[in-house]
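Me: I have a new model open and would like to learn how to read it. Could you walk me through it, one feature at a time?

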Amino acid sequence: MGLANLNDVLKDAYASSYAVGAFNAINMEFVQAIVRAAEDLNAPVIVQISQAAIDYAGMEEISAVARAVAEKASVPVVIHLDHATRLDVVERAIKAGFTSVMFDGSSLPLEENVKLTATVAKMAHDAGATAEGEIGRVPSAAKRSWTREELAELMTTPEEAAQFASRTGVDALAVSVGSVHKMKAQQAMVDSRRISEIKRVVGVPLVLHGSSGVTDESLREAVRSGIAKVNIATALSQDFLRAIRSRLAEDLSVSDARIVLDMARQAVASSVAEKIKLLGSAGKAAGNTRRIPGEMLRSDGPVKRDRALGERAAGLERRDAKDRSEDEPVE
Ligand SMILES: [Zn+2]
C-alpha cells in the first residue's frame, strides 16, 4: 500500500458512506502518530500539511519525513497540502513529493477562485496527484466566535458547488456547512441536510474543514449525509500539548526530551484512532490498493504555471499576511 492520492482513498469512502480522516502534521512525531494509528486500525489515512506548517518545518524536510513514513506503511497514506493560497507553494509541494494539494481561493471573487483552482487541478493531474478546492467559506474562530446567522451566510449552495466542481475539475470539494476552523471545544453542529443536497448535485467527494470543533454526533451525521474527507488539526495539537504539560507536571526535572515527545506522540495516536473509528474508516484499507510509483510524483517534468495567476495569488498571500495574520485556517 503506502503512498496514495485522494482518488485512491476517497472513491470507496464516497461510494460506501464513510469518511477518511485528514489529520494535520507539523513534525515527525505527528506524522508517525497519524500513520501508526491508521495501521493499527487498518484504515486509509490522509496526512495533511498546511502552508503554515511548511513555513515552520521546511517544504523538503517535512515532505521527506512524510514520504519516508508513508512509503513503509501497511495502509494507503495520502500526503496532502492543506490550504495553499499560492501557486508557487503548490508547485513546490508537488515537486517535493506531495501526492495531493488543496488550493483555497474561497476568499477570492468566484471567477478568480475558479481560474486558480482549475490551474492547480491541472498541475496536480499532470503529475499524477489530486486536487481539492473550496467554495463557500469556512471561517476561523481564532479572533472571534460566529453566530448561526453569520455562518449561514457563508455556507455553500448546491448550485455553486456543482458549477465549481465541474468548472475546476477538482477531485474533492471543501464546502461550508457550519463548521469553523480553530475551535478548541466540540460545540459546532453542521447542516446535514445541506450536505445531502450538495452531494446530490456534485459528482466528487465532499470535504469538511474545521472538524475539531464539531460534536461527535454531528460528525457522524455529516458522514452519513455525504462527507468523505474530514479535516482535524486543533484537537491533535491540544492533545499533544496536554500530554507534554501533564508529563512535565509529574516531573519537571526530566532531561530526556524523547520521554516527553513519545508521550505526546502516543496521545496524538490515540486521538487519531478515536476519530478514525468515529468516521467509519477502520478496516477499510483493503478497498484501496493502487500504489503510486514514487518517480511519477517526483518527476521534474514541466508543471505549467500561469504567471499572471501566480502573481495574483502572491498578492492574495500578502493581503492574507496583513489582514489575517493570526487566523490562518487550522482544522
Ligand atoms: Zn481547513
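Me: What handedness does the β-α-β unit made by β7, α9 and β8 have?

Reply: Two words on the source before the answer: this is a predicted model, in which local features need pLDDT of at least 70 and side-chain atom pairs count only at pLDDT 80 or more, while totals for chains, interfaces and linings use all residues. Residues are numbered from 1 along each chain as its sequence is written. Now the idea: a crossover is right-handed if, with the strands pointing away from the viewer, the path from the first strand over the helix to the second runs clockwise. The unit of β7, α9 and β8 is right-handed. The element names follow DSSP runs numbered from the N terminus: helices are H or I with at least four residues, and strands are E with at least two.

Me: Which strands pair with β7, and in what sense?

Reply: Two strands pair if DSSP finds at least two bridges between them. Strand β6 (residues 130–135) runs parallel to β7, joined by four bridges, and here Glu132 stands opposite Ala172. With strand β8 (residues 206–208), β7 pairs in the parallel sense over three bridges, where Ala174 faces Val207.

Me: Are the residues of β7 buried or exposed?

Reply: Count neighbours: a residue is buried if 20 or more other C-beta atoms lie within 10 Å of its own, exposed if 12 or fewer, and partly exposed in between, with C-beta atoms placed from the backbone. In β7, Ala172 and Ala174 point one way, Leu173 and Val175 the other way, and all are buried. For the chain as a whole, 52% of the 331 residues count as buried.

Me: Why is β2 described as largely enclosed?

Reply: Strand β2 (residues 20–24) is largely enclosed by the rest of the structure because five of its five residues are buried. Both faces are covered, with Val20, Ala22 and Asn24 on one side and Gly21 and Phe23 on the other. Look at its partners too: four bridges join β2 to strand β9 (residues 227–232), running parallel, and three join β2 to strand β3 (residues 45–50), also parallel. Ala22 stands opposite Asn231 in β9 and opposite Ile46 in β3. From β2 the chain crosses through helix α2 (residues 28–40) to β3, in a right-handed β-α-β crossover.

Me: How should I describe the packing of α11 and α12?

Reply: Two packed helices are described by the angle between their axes and the distance between the axes. The axes are lines fitted to C-alpha atoms, for helices over the stretch in contact, and angles run from 0 to 180 degrees between N-to-C directions. Helix α11 (residues 234–250) and helix α12 (residues 257–279) pack at about 140°, with axes 8 Å apart. By class, their contact has 12 nonpolar, one polar and three charged residues; Ala, Val, Leu, Ile, Met, Phe, Trp, Tyr, Cys and Pro count as nonpolar, Asp, Glu, Lys and Arg as charged, and the others, Gly among them, as polar.

Me: Which residues does Val272 touch, beyond those up to four places away in sequence?

Reply: A contact means that the C-beta atoms of two residues, placed from the backbone, lie within 7 Å. By that test Val272 touches Gly21, Phe23, Ala33, Ile34, Ala37 and Leu236. Val272 lies in helix α12, and it counts as buried because it has 27 C-beta neighbours inside 10 Å. Among contacts in the chain between residues at least 6 apart in sequence, 77% join residues at least 24 apart.
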